[in-house]
Amino acid sequence: MSGVIAQLREKALELTLKTGDFTLFFGRMLVAVPATIARPSLVVAQIYNAGALSLVIIMLAGLFVGMVLGLTGYDILQRYGSEEALGSVSAIALVKELGPVVTALLFAGRAGTAVTSEIGLMKATDQLAALEMMAVDPVRRVCVPRFLGGVVSMPLLAGIFSMIGIFGAQLVGVYLMRVDAGQFWSELQAAMEPRYISEGLIKSCAFGVACSAIAVHEGFRCLPTAEGVSRATTRTVVNSSVAVLIIDYLLTAVML
Amino acid sequence: MDNAINTSLRNLATARSPADLVMRLEDVSYSVGNRAILKGLSLSIPRGSVTGVMGPSGTGKTTLLRLMTGQINADSGRVIVAGEDLGLLSRSQLYTLRKRMGMLFQNGALLTDLSVYENVAYPLREHTDLPEALIARVVLTKLQAVGLRGAADLMPSELSGGMARRVALARAIVMDPEFLIYDEPFAGLDPIAMGMVMRLIRRLNDTLGLTSIIVSHDVAEMALLADYAYVLNAGAIAAQGTPVELAGDPTPAVRQFMAGLEEGPVAFHYPAPDYAQQLLGLVR
Ligand SMILES: Nc1ncnc2c1ncn2[C@@H]1O[C@H](COP(=O)(O)OP(=O)(O)OP(=O)(O)O)[C@@H](O)[C@H]1O
Ligand SMILES: [Mg+2]
């Protein structure tokens with residue numbers, strides 16, 4: 001029994017230390033943001049890595065999520081004879097919720113892991129220490145550009161996801177289930193309010209900050225061995241996903 | 001080269017006043033978890049000398065270099081470099097000091113996303129506003145010095161281990177530092193490259209007035225190169241002196257190391273149960 005309590009205490013201590021370390025690291029990155037923005041070429045390269053290279057998987061996922069929405073949405077709505085609402089239902093679901101969340105989950109798996117393992121390997125091969133020795137702050141040169149790249153990419157990717165998703169829902173609804181195209185689009189236009197879009201935007205920005213910061217931090221703090229890097233990569237996916245879902249709930253509750 | 005060594009030796013004899021000691025460790029201890037790696041180490045390094053740090057694998061030589069450059073902080077004791085106590089410096093003060101240091105890492109540590117040329121140019125681009133033509137000139141001179149001017153356009157992944165280390169050496173000297181710290185500069189070099197690197201280290205030291213610190217377990221090379229050497233064993237200094245003095249050191253541990261004997265107080269084997277018993281499955 002006392003063993004369990006001791007273990008719990010150790011876990012709690014570990015968690016506290018890690019949270020504190022994350023907060024300090026996050027602050028250190030924020031301080032370095034202006035200097036990094038002054039030299040945008042590094043950030044642009046990372047927007048390419050995090051954003052452009054994630055495009056295919058995001059578009060593919062968006063298309064299929066949209067198509068599933070079209071099928072399920074049609075199936076339910078037609079029971080109430082209101083299948084023309086398909087456009088508005090799927091668009092609101094995508095823009096407010098599915099777009100930001102699914103994009104963030106995919107982003108953690110695709111771009112987040114890439115960032116963690118890259119920084120972890122740089123650490124394991126002494127590249128971060130070499131930067132330190134050249135009087136170059138690795139946080140500024142390595143971490144912040146990757147963080148900003150993720151923060152900028154995430155809302156853009158979520159936007160693309162939602163658009164392709166709506167296209168997918170329309171594909172199924174209009175061409176397969178024969179919902180009237182005019183009704184589909186006019187319902188969508190009538191129901192879509194600016195606040196849905198801003199809600200989705202706020203969410204994906206928050207997810208971008210959380211996922212990128214977690215990925216960079218895990219890489220920067222990993223044990224500099226092959227096993228350490230692989231564990232850090234796994235933690236990136238798990239922690240990012242949990243963070244995204246919790247933040248999603250909190251933001252939804254606040255913005256209801 | 002003998003001449004050069006003799007001059008430096010003479011310099012050394014007169015260089016014991018505190019102002020000439022550019023690096024000083026006072027009773028430094030460092031441990032990871034509850035395992036002590038360095039135990040109460042004191043040493044001093046005079047300006048313009050080539051100092052060797054030797055010792056068996058895993059005794060804390062790399063750890064010592066990381067302490068000297070402020071990459072890690074001592075648990076107790078002081079590390080003083082160019083009059084500054086590293087433990088008391090802020091990050092930006094430490095970076096200012098590091099612009100005067102060059103370090104060659106054990107495995108090169110080149111930035112893998114940049115070409116050889118860009119790796120060597122990197123410190124210049126970060127810290128100076130030199131025009132491109134001048135950067136090219138400096139970079140090519142340094143690459144020529146390590147014999148790799150022709151490899152300027154290769155990526156680090158296309159280099160062999162020895163080549164990578166020579167590029168890293170070019171990068172370490174590109175800012176013309178005052179201190180040069182080498183971690184195992186000879187490991188994995190062929191005899192030709194080894195001779196070249198040794199001459200380069202000596203030449204840099206004597207012509208530019210550098211202070212060099214070399215970590216290595218190559219006793220023969222160190223005997224030729226170092227003005228003064230420390231032998232580290234189990235996280236403490238086992239012996240110190242000129243290479244000649246060390247070669248005649250009577251302490252068994254030092255004799256064993258300098259002569260490369262298996263039998264002696266320095267265990268070649270990590271602590272383990274009895275060999276025969278373990279093979280027979282009597283102990284695990
Ligand atoms: N981060 C760390 N965590 C745990 N142990 C460490 C760590 N860093 C170093 N050590 C231990 O400290 C000891 C000294 O390591 P160090 O790298 O300084 O040895 P070394 O003298 O440079 O060896 P080599 O000649 O093989 O390079 C080793 O036994 C190593 O296991
Ligand atoms: Mg070492």
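Buried residues are those with under 20% relative accessible area, exposed residues those with over 50%, and partly exposed residues those in between, as computed with a 1.4 Å probe on protein chains only. The structure is a predicted model, in which local features need pLDDT of at least 70 and side-chain atom pairs count only at pLDDT 80 or more, whereas totals for chains, interfaces and linings use all residues. Residues are numbered from 1 along each chain as its sequence is written, chains are lettered from A and ligands numbered from 1 in the order in which they are written, and side-chain values use heavy atoms, with hydrogens and water left out.

Chain A contains 9 helices and 0 strands, where helices (H or I, at least four residues) and strands (E, at least two) are DSSP runs numbered from the N terminus. The C-alpha trace of chain A spans about 65 × 55 × 30 Å along its principal axes, and 46% of its 256 residues are buried. Among the contacts of chain A (heavy atoms within 4.5 Å) with a separation of 6 or more, 85% are between residues 24 or more positions apart.

Over all chains, 24 salt bridges are counted, a salt bridge being a side-chain nitrogen of Lys or Arg within 4 Å of a carboxyl oxygen of Asp or Glu. One of these joins K203(A) to E97(A), with 2.7 Å between the closest N and O atoms. K203(A) lies in helix α8 (residues 194–221) of chain A and E97(A) in helix α4 (residues 86–124) of chain A, so the pair ties together parts that are 106 residues apart in sequence. K203(A) counts as buried because its relative accessibility is 0%, while E97(A), with a relative accessible area of 25%, is partly exposed. A further salt bridge links R195(A) and E193(A), whose closest N and O atoms are 3.0 Å apart; R195(A) is partly exposed at 42% relative accessibility, as is E193(A) with a relative accessible area of 33%. Through shared partners, salt bridges join K96(A), E97(A), E199(A), K203(A) and D248(A) into one network.

Within helix α3 (residues 55–79) of chain A, D75(A) and R79(A) are 4 residues apart, about one turn of the helix, and their side chains meet in a salt bridge (3.2 Å, N to O). D75(A) counts as partly exposed at 36% relative accessibility, whereas R79(A) counts as exposed at 58%. In helix α6 (residues 138–176) of chain A, R146(A) is buried, since its relative accessibility is 8%. The side chain of R146(A) reaches the backbone oxygen of V142(A) at 2.9 Å, and, residues up to four places away in sequence not being counted, R146(A) touches Q46(A), V115(A), E118(A), I119(A), R141(A) and V216(A).

Nonpolar packing was examined through cores, each a set of buried Ala, Val, Leu, Ile, Met, Phe, Trp, Tyr and Cys residues joined through side-chain atoms within 4.5 Å. The largest nonpolar core has 49 residues, of which M54(B) and L143(B) touch the most other members. Helix α7 (residues 191–208) of chain B gives the most to this core, with 8 residues. Apart from this core lies another, of 36 residues, among them A129(A), V53(B), L67(B) and L94(B).

In helix α10 (residues 252–259) of chain B, the buried residues include A253(B), V254(B), Q256(B), F257(B) and M258(B). The buried residues of α10(B) pack against β3 (50–54), α8 (219–225), β9 (228–233), β10 (236–241) and α9 (243–247) of chain B. Just after α10(B), G260(B) takes a positive phi of about 70°.

How values were computed. Polar contact = N/O pair within 3.5 Å; in protein donor to acceptor, adjacent residues only side chain to side chain.
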